[in-house]
Amino acid sequence: MNSGRDEAPDLPRKVPSKSLLLAVWAACIGGTFQYGYNISIINAPTTAIQKFINQTWTERYNTDISKQVLTLFWSTIVSIFTIGGLVGSSVGGTLAIRYGRKGTLLINNIFALLAAVLMGTSYPTGLFELLIAGRFLTGVNAGIALCVQPLYLGEIAPRALRGAMAMGTSIFITGGILTGQVIGLDELLGRDDYWPILLSTTCIPAVLQLLILPWFPESPRFLLIDRGDDQACNQALKQLHGVDKYSQEREDIERERLSAMGVKPKKPWELFGDRSLRWQLITVILLGVFQQLNGINAIYFYADYVFSQAGIPEDKIPYVTVGTGACECLTALTCGLLIESLGRRVLIMGGYSLMAVWCICFTLTLTFQNASPWVPYLSMVCVFAFILSFGLGPGGVTNILTTELFIQSARPAAYMISGSVNWLSFFFIGMAFPFIVNGLQQYCFLVFLTVCVLVATYIFFIVPETKNKTFLEIHAEFQSRELKKKLDHEEGSQQPVSTDVLLSSYANGNLK
């Protein structure tokens, strides 16, 4: 058996089968598409929902609602989404172990359908509290989807195309954001009277997934390693990859099964006590935190101001905002095309490095915004360039690394941890960001500059390239120093131990 480094150049660049592409589409349309869609559609009806809350309050209590209470209710409607996401991510891995990856995705649609009913009926019933409950359920749905969908995609994809297939997560997030921005335009469902319909459209992706995903198989890795169902695993591989192309994937799964014999799926807290997973766990936690704290939220915060300063009429700004969504969607697609040729490290380090450059440029253009009529246009360039850089690296690669850095027994727990960290960071930046901006003004981007540089440096020194490597090979590369030292001591040899020997030790159960 050759090492992953030796095999990588020889792996064929296979074109995914039609069945595999449809399985990815079915998993994503009711998964991370929902996440992106629910992030963006809440922006269009802001004024209409606040009017509804005020009207309902007046009818109940015969007095207008105070501005502070109205702001509190609206902030709750928006931010409860992140609390639901935290709840969803904290249970997603457990559900994926118990009901399978595909089974959990199907069950997850219950939350989306209930949310659609609650938010759609809030106006006719005069209960704005239903909006809070509905948004919480959409958050639960998004949290489970962000935990389980990348898990499913990473486990059904062939090794040679694992990165490109896993990019479906980011492509559908950005596609959901763009779709929500378009649907929220006044010409469609963005008018004040249509907001209950707009919020209830979250049921459409859920129904589509319930109709389509059952036709596709469960994760072959889950079937063989977790369930021990050899026949179902082979059937799933044949359906996804074709009868004549599934054997290599079957061999990879078999090696991982042998290494996992007698090992039960780990709980999240068990990962913290496992020294063999220390650097993988630190990596996904840091990437999850910094994906929210790298300045992308600040760029969107400043976007409307920059566009208005550039002379774009206020009624046209929503259309330019759609352009930012299209920009991010385009970069996710581009990342998907490049990831198997350039690799993960190049894209994510390059993305963070470019973001650091644009942080400097954006700070300068905002500082001298009024110095010349053409400076606001430079700010617009910085907005789009920052979004492009984010989508090309951190936005696309982060979730893939969580799949690739862990073996089967630890992967669901790793997603629970990274998802929880991501949602906590999302909530933190939502609460703290206004204070950061008010206190530092445009100089807040110097903070984000520091974050981007630190992440790029960490990846350069710590994270190996994972392109075209099996999960065991990636795990062995992280552990090479400690494992080589242990084997050298046991064998009384001072010769370096190859990756082949490390993998053989895993397969024979000598090392876990």
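User: What should I know before we start?
Analyst: This model is predicted, so local features need pLDDT of at least 70 and side-chain atom pairs count only at pLDDT 80 or more, while totals for chains, interfaces and linings use all residues. Residues are numbered from 1 along each chain as its sequence is written, and side-chain values use heavy atoms, leaving out hydrogens and water.

User: Are H19 and H23 roughly parallel or roughly antiparallel to each other?
Analyst: Helices here are DSSP runs of H or I with at least four residues, numbered from the N terminus. The axes, lines fitted to C-alpha atoms over the stretch in contact, of H19 (residues 344-367) and H23 (residues 444-462) come within 9 Å and cross at roughly 160 degrees. Angles run from 0 to 180 degrees between N-to-C directions, and those over 145 count as roughly antiparallel. H19 and H23 are therefore roughly antiparallel.

User: How many disulfides does the structure hold?
Analyst: A disulfide is a pair of cysteine sulfur atoms within 2.5 Å. For Cys203, the closest cysteine sulfur, in Cys28, is 19 Å away, too far for a bond. The number of disulfides in the structure is 0.

User: Does Cys147 count as buried or exposed?
Analyst: Buried means under 20% relative accessible area, exposed over 50%, and partly exposed in between, using a 1.4 Å probe and protein chains only. Cys203, at 26% relative accessibility, counts as partly exposed. Cys147 has 1% relative accessibility, so Cys147 counts as buried.

Note on methods: Helix = DSSP H or I, 4+ residues; strand = E, 2+ residues; numbered from the N terminus. Parallel < 35°, antiparallel > 145°, perpendicular 65-115°, else oblique.
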